Structures are given as structure tokens and as C-alpha cells.
Amino acid sequence: EHMRREQIFSKKIEFEKSDAFQSALQEGLQHLSKEKGPDASSPYSRELHRLFLAWLPDEERHFLEESEGLGNSQKAEVAWLERQGYHYVEKEVHELRGSSPKAIGRQSQ
């Protein structure tokens, strides 16, 4: 799955030479903020990704859309939690904005 995603994402160079990308630049794509939020994306990067997906053939777009989300190790961790009967709450990164988990441990005296 990883190699397939890499192969598809390598087409981004071709996309950036396409009429669709050039048109988006003329319409103001470059004016979107590139400041990264809590999920490490920006309005610019999200729109660029959306345009890239729209440019791809249907099969490749669907493959990428289906492979987004949890990585393989995270999927395995969730499967383990479920097999063990543990309850968990699904959260998106943007939902954690403003939360600041504190490390818990022994403080040196």
C-alpha cells in the first residue's frame, strides 16, 4: 500500500505543470495561508491536496482516499484495543486544539 501511495504521489510534479494547477494559481491559490495548524496542514496545503486528488484518475483518487487516516501500526493498535475489549474515543487532530496534555511522572526533589 505504501509503495502504491508513493507512486501516485510522485505524479504531483506532473500535476504542478498541468493546466488545472496553473489555473488554480491564477485564481489565487498562492494567496492562501501556508501557516500550519495543529494537524501540520495549512489552507494552502489542503487545497493543493484537494486539487491534486480531483486531477487524478478515479481509480488512483479512490485508492488515496481509502488509504488516508490511520497508518498500519495505528490500525493494528486499534484492532488490539478492540480485541482486548478496551473502549476508546475517536478524535480528529483538530479536536485536540487547545488541549495540552501534561506528562505524568516522578518529579525530582
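Colleague: Is Phe52 buried or exposed, judging by its relative accessibility?

Modeller: Please keep in mind that this is a predicted model. A residue counts as buried when its relative accessible area is under 20%. For Phe52 the relative accessibility comes to 0%, so this residue counts as buried.

Colleague: How is the aromatic pair of Phe9 and Phe52 arranged?

Modeller: A pair of aromatic rings is described by the distance of the centres and the angle of the planes. The centres of the Phe9 and Phe52 rings are 5.9 Å apart, and there is an angle of 20° between their planes. Planes under 30 degrees apart count as stacked, so the name for the arrangement of Phe9 and Phe52 is stacked.

Colleague: How many residues apart are Phe9 and Phe52 in this pair?

Modeller: Phe9 belongs to helix H1, which covers residues 2–9, whereas Phe52 belongs to helix H4, which covers residues 43–55. The pair therefore links distant parts of the chain, and the separation is 43 residues.

Colleague: In the salt bridge of Glu60 and Lys11, which residue counts as buried?

Modeller: The side chains of Glu60 and Lys11 meet at 2.7 Å, N to O, and the pair links helix H5 with the loop between H1 and helix H2. Lys11 has a relative accessibility of 22% and therefore counts as partly exposed. At 7% relative accessibility, the buried residue is Glu60.

Colleague: What separates Arg61 and Asp58, whose side chains also meet in a salt bridge?

Modeller: The N to O distance in this salt bridge is 2.2 Å. Arg61 is buried, with a relative accessible area of 17%, while Asp58 counts as partly exposed at 46%. Because Arg61 and Asp58 are three residues apart in helix H5, their separation is about one helical turn.

Colleague: Which residues form the negative surface patch?

Modeller: Asp and Glu count as negative, and a patch takes in residues with over 30% relative accessible area and no salt bridge. One member of the patch, Glu92, has its place in the segment after helix H6. The patch is formed by Glu82, Glu90, Glu92 and Glu95.

Note on methods: Residues numbered from 1 in each chain as written. Predicted model: local features only at pLDDT ≥ 70, side-chain atom pairs only at ≥ 80, totals over all residues. Heavy atoms only, no water. Patch = residues over 30% accessible without salt bridge, like charges linked within 9 Å, V, L, I, M, F, W, Y side chains within 5 Å. Areas by Shrake-Rupley, 256 points an atom, 1.4 Å probe, with all protein chains shown as cover. Salt bridge = Lys/Arg side-chain N within 4 Å of Asp/Glu carboxyl O. Charge placed at Lys NZ, Arg CZ, Asp CG, Glu CD. Helix = DSSP H or I, 4+ residues; strand = E, 2+ residues; numbered from the N terminus. Phe/Tyr/Trp six-rings, centres within 6.5 Å; stacked < 30°, edge-to-face > 60°. Buried < 20%, exposed > 50% of the residue type's maximum accessible area, 1.4 Å probe, protein only.
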